[in-house]
Amino acid sequence: MTDTAEGPAKTTHAQRMFDAIAPSYEWPAELFSFLQYGRWRRSLVSRLEVAPAATVLDVCTGTGLVAIDIVDGLGCRVVGLDLSRGMIEQARRNVASKDADSSVPLVQGRAERLPFADGSFDAVVFTFLLRYVESPESTLGELARVLRPGGQMASLEFFVPPNPMMRALWLLHTRLTIPVVSRLMPGGWREVGSFLGPSISDFHRGYSRQDLSEFWAQAGIDEVRTSLLSFGGAVVTWGWKGGPR
């Protein structure tokens, strides 16, 4: 993809798409994941080994649900960052409804160019990010830059089930069920429905689990581990930046 006046084309596309679905994001996310979205978030948060006094950066915070889960489960302060102004506005409403405003400041910004100093955070988490950036490798380097030595990085991403039978069912769901249902939904869901499945397949044809683990290692993240969720519909990855913990 080429760059536009507003920024890289993938970034511009993601911003427009997520602005359109922000007010109605949460229930379709649960529906299309067969009620697994909350479980995936909890699995991500469960991998974090941080103290209550830690400060965590949540990149692609979306509507703030991961940030709220971290505050509720671990008691940390979480800075939520997202490209989409619409998502930030919805996250602000969600955070306020949980009386967590002081624990979750929200910032609009790009993962590829974070507005924070080196080593600012004890942990960095991100969700469903890498398909929307021009260079996953350099983006991981930027995420690692703002992580302190010894700090932890963790992510949740979509995946393609490795089992042939489950992969066939996944293809049916992402190529037929989601596009058809999304046409009946408000806002920009029709575009999301046609985009989601092919974008996941294309990404994982281009980058294997091994490729991504190597990108993490090249960014300075050690002890990189991965765990597939829901028969391979999602993957959690985590590791620690070199240095004393």
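A: D82 belongs to strand β4, which covers residues 77–82; strands here are DSSP runs of E with at least two residues, helices are runs of H or I with at least four residues, and both are numbered from the N terminus. The model is a predicted one, in which local features need pLDDT of at least 70 and side-chain atom pairs count only at pLDDT 80 or more, while totals for chains, interfaces and linings use all residues. Residues are numbered from 1 along each chain as its sequence is written, and side-chain values use heavy atoms, with hydrogens and water left out.

D82 is buried, a term that stands for under 20% relative accessible area, as against exposed at over 50% and partly exposed in between, with a 1.4 Å probe and protein chains only. A polar atom of the D82 side chain does, however, lie 3.4 Å from the backbone nitrogen of T61. If neighbours within four places in sequence are set aside, the residues in contact with D82 are C60, T61, G62, M87, I88, V107, Q108 and G109, where contact means heavy atoms within 4.5 Å.

Another aspartate, D69, sits in helix α4 (residues 65–74). Beyond its neighbours within four places in sequence, D69 is in contact with R41 and V45. The C-alpha atoms of D69 and V180 are separated by 31 Å, the two residues being 111 residues apart along the chain.

L35, in the loop between α2 and α3 (37–46), has a phi near 65 degrees, a positive value in a residue other than glycine; at 63% relative accessibility, L35 counts as exposed. F128, found in the loop between β6 (121–127) and α6, also is not a glycine and has a positive phi of about 50 degrees, but F128 is buried, with a relative accessible area of 10%.

Finally, the buried residues of helix α8 include W189, V192, L196 and H204, and among the elements that cover the buried residues of α8 are α1 (9–21), β7 (147–158) and α9 (209–218).

Definitions and conventions: Lys and Arg count as positive and Asp and Glu as negative; His and the chain ends are not counted. A salt bridge is a side-chain nitrogen of Lys or Arg within 4 Å of a carboxyl oxygen of Asp or Glu. A polar contact is a pair of N or O atoms within 3.5 Å; within protein, one must be able to donate a hydrogen and the other to accept it, and residues adjacent in sequence count only if both atoms are side-chain atoms.
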